[in-house]
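This report describes the secondary structure of a two-chain model and the way its elements are arranged. The sequence and structure are shown below.

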Amino acid sequence: MGGTERDASATPRSPELSDGDAALVEDLLAGSHRALARVITRIEDRAAGYRGIVAALHEHTGDADVIGVTGAPGAGKSTLVDKLAAAYRERGDTVGVVAVDPSSPYTGGAVLGDRIRMASNVGDMDVFFRSMSARGQLGGLSMATADAVKALDAFGKDVVIIETVGAGQNEVDVVRTADTVAVLVQPGSGDDVQTLKAGILEIGDVFVVNKADMDGAERTLAELEEMVHRREGPTKGLDGGHHGFEVPEHPDDGGEERDSGDGDGGGGDDGDEPPEWTPEVLRTVANTGEGVGELIETFDAHATHLRESGAIEATKRRRYAEEIRTLIRSDVGALATAEIERRGGIEALADSVRRRETDPYSLAAEIVEPIAECVDSDAT
Amino acid sequence: MSAEQETRAVRCLVAKVGLDGHDRGAHVIARAFRDAGFEVVYSGLHRAPEEIVQAAVQEDVDVLGISILSGAHNTLVPKVIEGLKEYDAFEDTLVLVGGIIPDDDEDDLKELGVAEVFGPGTPMEETIEFIRNNLPERA
């Protein structure tokens with residue numbers, strides 16, 4: 001416990017709000033673009049006091065539809081997001097966009113280029129577009145993105161779009177902070193569909209074959225349809241995934257399956273599982289705006305499905321649970337790091353292991369012991 | 001390497017304003033800034049001053065570098081600076097101009113609030129060094 005003045009910086013965990021930050025929050029809620037931009041910077045920087053800001057914003061959030069758009073580089077994400085934003089604006093919604101780009105693991109630098117594609121929303125301040133870079137934080141990116149979305153939500157945006165390259169676990173985590181996830185695929189890229197199998201398939205609520213005027217679009221559409229329908233039987237999809245075609249488990253699932261999401265709403269599975277959403281497969285040509293209207297309708301349908309089936313509560317519960325866990329893990333990790341420093345630093349400890357003076361298990365137990373003691377004494 | 005480590009980065013907007021379609025220089029600058037560890041937002045070509053202002057405000061950049069080779073700097077730069085002021089963003093944004101600017105105009109631009117003008121042939125290190133030394137203080 002330091003002096004009162006430095007408390008905020010001495011304990012970065014504390015979600016206290018300084019006077020200056022309170023004013024910043026007030027400005028944001030009053031509609032200041034500058035304040036919104038500044039808050040997102042603080043969130044990105046993990047700067048002192050940002051926790052207090054996000055904590056203060058939390059009660060003002062929850063009204064925005066949050067949509068994630070992911071896909072391989074060059075699939076047309078930025079162009080599609082631009083057209084989506086324009087279409088939302090046309091029907092009177094305000095839009096926030098968070099575009100996440102990778103940063104160099106060597107210099108930390110990044111060129112954030114998604115803004116170039118935002119040609120349809122020139123000079124329209126009601127589209128708030130923000131580029132973020134990964135900054136090499138482990139697990140921090142999805143937290144930072146989620147917090148930036150909260151800032152846009154609290155500001156009053158009706159729709160918030162998260163755009164990210166679907167490249168790895170980090171990106172999957174990012175896009176999971178959205179309520180509805182669209183996965184973009186390019187036609188003719190068998191490889192893309194292969195990538196999807198590696199994990200992104202599970203997170204898509206909507207699959208979009210963009211550049212659908214290109215050769216091979218029909219084939220890609222058909223492949224996606226097949227994958228989506230195979231996914232419907234969760235246990236069946238687990239094996240034999242490498243064969244091209246399998247004997248259909250439902251001989252009657254012809255072309256009529258697409259509406260099943262709305263159709264079997266009452267049936268559902270046994271137990272308290274909400275009725276399942278069958279992912280839609282759509283086609284767009286982002287350059288011309290073709291298919292964007294249908295895509296938005298599908299987003300709306302998914303949002304309605306989440307609300308009516310009660311799945312939204314499960315989704316939010318899962319997400320907040322993940323946030324709480326990440327924060328606690330990070331904070332407890334910081335406590336442990338401090339303890340390691342007190343004992344001469346991790347390298348000195350590693351050396352003592354190397355000299356066979358001790359072993360990693362004993363060391364870890366020793367360092368966690370005081371933390372564990374506090375937890376145990378609180379419990380009794 | 002916790003998720004909560006403070007990770008401040010220098011954010012720059014490299015902007016092309018007006019009808020000038022030469023962006024080789026802007027690209028080179030963007031790459032050099034990236035390699036210096038900055039986060040660079042590139043505006044793309046043919047941007048109107050309002051777009052530059054919109055981008056600078058929303059991205060909350062520390063540095064706005066405007067590249068102009070068309071000679072229209074006396075019309076375009078004041079509009080950008082006016083816009084930044086309108087959103088209370090002028091005070092803590094370092095405004096730089098790069099391109100072919102006559103000496104007399106350079107003085108006028110600085111009068112207006114441009115921190116520095118970099119002509120052709122300026123070594124990249126000089127520009128990066130200038131940014132590092134003149135970063136606006138942030139609350």
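Which residue of strand 4 of chain B is the bridge partner of Val63(B)? The partner is Leu94(B). The model discussed here is predicted: local features need pLDDT of at least 70, side-chain atom pairs count only at pLDDT 80 or more, and totals for chains, interfaces and linings use all residues. Residues are numbered from 1 along each chain as its sequence is written, while chains are lettered from A and ligands numbered from 1 in the order in which they are written.

Helices (H or I, at least four residues) and strands (E, at least two) are DSSP runs, numbered from the N terminus. Two strands pair if DSSP finds at least two bridges between them.

An open sheet is formed by six strands in the order 3(A)-2(B)-1(B)-3(B)-4(B)-5(B), with parallel pairing. Its edge strands are strand 3 (110–112) of chain A and strand 5 (116–118) of chain B, each of which pairs on one side only. Direction ignored, neighbouring strands of this sheet are turned by 25° against each other on average; axes are lines fitted to C-alpha atoms, for helices over the stretch in contact, and angles run from 0 to 180 degrees between N-to-C directions. The table lists pairings in this sheet, with one bridge in each taken as an example.

| Paired strands | Bridges | Example of bridge partners |
|---|---|---|
| Strand 3 of chain A, strand 2 of chain B | three | Val111(A) and Val40(B) |
| Strand 1 of chain B, strand 2 of chain B | four | Leu13(B) and Val41(B) |
| Strand 3 of chain B, strand 4 of chain B | six | Val63(B) and Leu94(B) |
| Strand 4 of chain B, strand 5 of chain B | three | Val97(B) and Val117(B) |

Burial is judged by neighbour count: a residue is buried if 20 or more other C-beta atoms lie within 10 Å of its own, exposed if 12 or fewer, and partly exposed in between, with C-beta atoms placed from the backbone. In a regular strand, side chains alternate between the two faces of the sheet. In strand 2 of chain B, Glu39(B) and Val41(B) point one way and Val40(B) and Tyr42(B) the other, and all are buried. Five of the six residues of strand 4 of chain B are buried, so this strand is largely enclosed by the rest of the structure.

**Crossovers and helices of chain B**

A crossover is right-handed if, with the strands pointing away from the viewer, the path from the first strand over the helix to the second runs clockwise. Strand 1, helix 1 (residues 24–35) and strand 2 of chain B make a right-handed β-α-β unit. The crossover from strand 3 of chain B through helix 3 of chain B to strand 4 of chain B is right-handed, and strand 4, helix 4 and strand 5 of chain B also make a right-handed β-α-β unit.

The expected span of a helix is 1.5 Å times one less than its number of residues. For helix 3 (residues 73–86) of chain B, with 14 residues, this gives 20 Å, which agrees with the 20 Å between its end C-alpha atoms. The buried residues of helix 3 of chain B are His73(B), Leu76(B), Val77(B), Val80(B), Ile81(B) and Leu84(B). They cover an arc of only 130° around the axis, which puts them on the same side of the helix; the arc is that of the directions from the helix axis to the C-beta atoms. Their cover includes helix 2 (49–59), strand 3 (63–68), strand 4 (94–99) and helix 4 (103–112) of chain B, where two residues are in contact if their C-beta atoms, placed from the backbone, lie within 7 Å. Just after helix 3 of chain B, Asp88(B) has a positive phi of about 55°.

Helix 2 of chain B lies across strand 1, strand 2 (39–42) and strand 3 of chain B, at about 170° to strand 1 of chain B.

**Chain A**

Chain A has 14 helices and eight strands, and 39% of its 380 residues count as buried. Seven strands of chain A form an open, parallel sheet in the order 4-2-5-1-6-7-8. Strand 4 (127–133) and strand 8 (280–283) of chain A stand at the edges with a single partner strand each, so one side of each is left without a neighbour in the sheet. Strand 6 (residues 180–185) and strand 7 (residues 206–209) of chain A run parallel and are joined by four bridges; Val183(A) has Phe207(A) as its bridge partner in strand 7 of chain A.

Arg356(A), which follows helix 13 of chain A, has a positive phi near 65°.
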